[in-house]
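I am starting a notebook on a structure that is new to me, and I will write down what I look up as I go. The entries follow the order in which I looked.

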Amino acid sequence: MNETAPVETGFYTEDMTISVGPQHPSTHGVLRFVVRTDGEVINEAIPDVGYLHRSIEKIGEKVTWHGYVPYTDRADYLAAMFANQGFCMAAEKLGNVEVTRRGEFCRVIACELNRIASHLISVGTFGQDIGAMTPFVHALRERETINNLMEEICGARLTYNYIRIGGVGYDILPETCTRITAFLDHFEPLVDEYNRLLSYNKIFIERLAGVAVVSREEALSYNLVGPNLRGSGIKWDIRRDIPYSVYPELEFEVPIGGAQVGKLGDSYDRYWVRIRELHESCKILRQCLKMLPKGPAIAKVARKFKPPAGECYARVEAPRGDMGFYVVADGSEYPYRVRIRTGSFAAMSIIDKLSKGIMVADLIALIGSLDVDAPEIDR
Amino acid sequence: METKDIYGRLEQQFPGKVADFKGDVQEPCCKVDAQAIVEVCRFLRDDPGLKFEVLSDLTGLDWPKEEKIQVVYHLYSYAQKHQMVLKVDLPRDNPKVATTEGVWKVANWFEREVYDLFGVIFEGHSDLRRIMLPEDWVGHPLRKDYVEQEEYDGISTQRAPLVEKLLR
């Protein structure tokens with residue numbers, strides 16, 4: 001719990017500066033904090049990022065439009081599909097390419113499967129970070145099935161390079177559709193099992209309720225996006241509010257935090273939003289499989305793709321929130337500038353503020369609940 | 001609100017400080033005078049009809065031919081569901097602009113990134129350090145004329161092509 005009042009002991013205590021990371025098991029990739037503590041209580045935790053900086057934005061200026069798609073995979077390797085889609089949407093807007101209808105549905109199917117996989121990692125590792133080993137193994141077991149399905153769809157298990165400018169690389173076969181349905185039938189009841197294992201676990205709730213509360217105003221000012229924003233009670237989802245692809249035709253709800261156990265916007269609310277999004281993704285997948293139209297999966301796009309000069313900002317709702325691709329074209333074979341704005345970047349910048357006065361162990365819960373992903377911060 | 005009307009409000013509020021509105025493109029945008037950017041941003045955030053409570057993105061663009069660096073602000077309003085793009089032109093040899101950290105907190109990190117990769121100085125920023133690259137890195141990689149240093153801390157940044165390596 002968030003008991004931050006300093007205890008008056010009469011003893012002189014000195015602040016201790018410790019370094020958490022960059023190779024700490026609970027930092028979700030390579031990132032580091034310089035933590036100044038007074039005993040167990042954190043005075044300040046300064047994030048030190050950049051260990052995974054691969055200059056993906058600069059690479060964008062040196063490769064062709066089609067050739068850049070595999071690089072976007074690496075921006076957030078837990079949710080590669082969304083970065084693919086974001087970049088392709090920006091390129092399509094610039095080049096005036098119409099995506100085929102079947103292509104759009106294939107995209108949504110692949111993306112929602114990817115969202116489930118990403119949330120499973122997030123939820124599983126979150127449990128593991130604060131001491132619950134078992135749910136992690138269960139979550140990863142289901143993710144493995146999704147990886148198999150992904151391999152069937154596009155031949156890769158992690159960095160897909162599936163979504164191309166104009167549609168998708170490969171059509172989804174009817175057999176795969178059957179297997180996805182079978183997976184959903186198997187998976188949906190399992191979410192309740194996770195809830196029994198983790199979400200309703202008394203220790204888990206006590207660890208998270210009321211910890212690191214993000215108010216509505218803070219969430220907006222720090223531009224938190226995705227489940228972190230919804231955890232603070234703001235109903236905002238790009239899929240619903242700035243609709244793209246075929247999302248307007250699909251029915252789904254946007255879950256928001258409701259102060260289930262503690263205060264609105266605490267770590268548990270953010271976690272709970274992700275659990276409920278698993279159900280919503282399943283719902284979307286079932287509708288898509290039913291509606292999947294016939295036709296080509298990719299539109300005809302010139303090999304030497306040369307969109308006219310201009311600029312465009314495309315947003316997609318990735319598992320870690322609003323992912324923005326700001327792409328500038330100058331009419332040549334190469335993008336003039338590609339800017340990737342990711343959800344974890346903003347989530348990471350708020351940690352400094354939230355960590356003041358919490359316990360060292362709560363810092364780990366905070367990182368997990370914000371679902372920060374190091375490759376996505378550094379790009 | 002339409003972007004055109006937002007620009008109208010800005011023109012009325014800050015005569016001479018905003019210019020060059022482009023409305024018939026993918027992302028309608030306008031240019032803002034570098035001296036006025038903080039006032040303009042604060043007005044856009046606080047005005048009840050505009051309510052731009054979110055800074056979606058802040059980044060830079062390098063235009064060596066025109067000798068300028070642009071800082072681009074993508075604003076969004078959840079309440080009104082409208083967006084606006086602001087651009088500030090800065091001279092390439094001495095890019096300096098006031099920080100918008102006081103308007104949106106997230107600008108702190110965005111500006112650090114632009115400082116790191118473009119070398120734009122944000123005056124009044126509370127913590128203007130490099131964010132992605134090491135403190136002692138030379139140059140700003142996203143500038144178009146950036147040349148990579150040959151080695152960093154005794155480690156070579158060049159690599160022989162793989163084929164040559166195999167033939168050796």
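**Entry: a bridge and its sheet**

I began with A:Val34 and looked for its bridge partner in strand E3 of chain A, which turned out to be A:Ile46. I note at once that the model is predicted, and I read everything below with that in mind. Moving one place along, I found A:Val35 standing opposite A:Ala45 in E3(A). The two strands concerned, E2(A) with residues 32–38 and E3(A), run antiparallel and are joined by seven bridges.

I then looked at how the chain gets from one of these strands to the other, and found a hairpin with two residues between E2(A) and E3(A), in which A:Gly39 takes a positive phi near 65°.

As a reminder to myself, strands in a sheet pair through backbone hydrogen bonds, and the pairing can be parallel or antiparallel.

**Entry: chain A as a whole**

Stepping back, I counted 14 helices and eight strands in chain A. The radius of gyration of chain A is 21 Å, close to the 21 Å that the globule rule gives for 379 residues, so chain A is as compact as a globular protein of that length. Along the principal axes, its C-alpha atoms fill a box of roughly 75 × 45 × 35 Å.

I also looked up burial, and 49% of the 379 residues of chain A count as buried. Among the contacts in chain A with a separation of 6 or more, 71% come from residues 24 or more positions apart.

**Entry: helices of chain A**

Is helix H12 of chain A mostly covered or mostly open? It is mostly covered, since 10 of the 12 residues of H12(A) are buried by the cut-off of 20 or more other C-beta atoms within 10 Å. The buried ones include A:Phe345, A:Met348, A:Ile351 and A:Leu354. H12(A) covers residues 343–354 and reaches 17 Å from its first C-alpha to its last, close to the 16 Å expected at 1.5 Å a residue.

I next looked at a pair of helices, H3(A) with residues 80–95 and H4(A) with residues 101–129, whose axes come within 8 Å and cross at roughly 145°. On the H3(A) side the contact is made by A:Met81, A:Phe82 and A:Gln85, and on the H4(A) side by A:Arg107, A:Ala110, A:Cys111 and A:Asn114. By class, this contact has four nonpolar, two polar and one charged residues.

**Entry: where chain B touches chain A**

How many residues of chain B are in contact with chain A? I found 23 residues of chain B in contact with 28 residues of chain A. The elements of chain B that give two or more residues to this side are strand E3 (54–63) and helix H3 (107–118), and E3(B) gives the most, with six residues. By class, the side of chain B that touches chain A has 13 nonpolar, five polar and five charged residues.

B:Leu61 counts as buried because it has 20 C-beta neighbours inside 10 Å. Leaving aside residues up to four places away in sequence, B:Leu61 touches A:Val328 and A:Arg337 in one chain, and B:Gln70 and B:Val72 in the other. I also noted that B:Leu61 and B:Leu142 are 81 residues apart in sequence, yet 8.4 Å apart in space, C-alpha to C-alpha.

**Entry: a hairpin in chain B**

Last, I looked at E1(B), residues 18–22, and E2(B), residues 29–32, which pair in the antiparallel sense over three bridges. These two strands form a hairpin with six residues between them, and the bridge partner of B:Ala19 in E2(B) is B:Lys31.

Key. Residues are numbered from 1 along each chain as its sequence is written. Chains are lettered from A and ligands numbered from 1 in the order in which they are written. This is a predicted model: local features need pLDDT of at least 70, side-chain atom pairs count only at pLDDT 80 or more; totals for chains, interfaces and linings use all residues. Helices (H or I, at least four residues) and strands (E, at least two) are DSSP runs, numbered from the N terminus. The radius of gyration is taken over C-alpha atoms; the globule rule is 2.2 Å times the number of residues to the power 0.38. Two residues are in contact if their C-beta atoms, placed from the backbone, lie within 7 Å. The expected span of a helix is 1.5 Å times one less than its number of residues. Ala, Val, Leu, Ile, Met, Phe, Trp, Tyr, Cys and Pro count as nonpolar, Asp, Glu, Lys and Arg as charged, and the others, Gly among them, as polar. Two strands pair if DSSP finds at least two bridges between them. Axes are lines fitted to C-alpha atoms, for helices over the stretch in contact, and angles run from 0 to 180 degrees between N-to-C directions.
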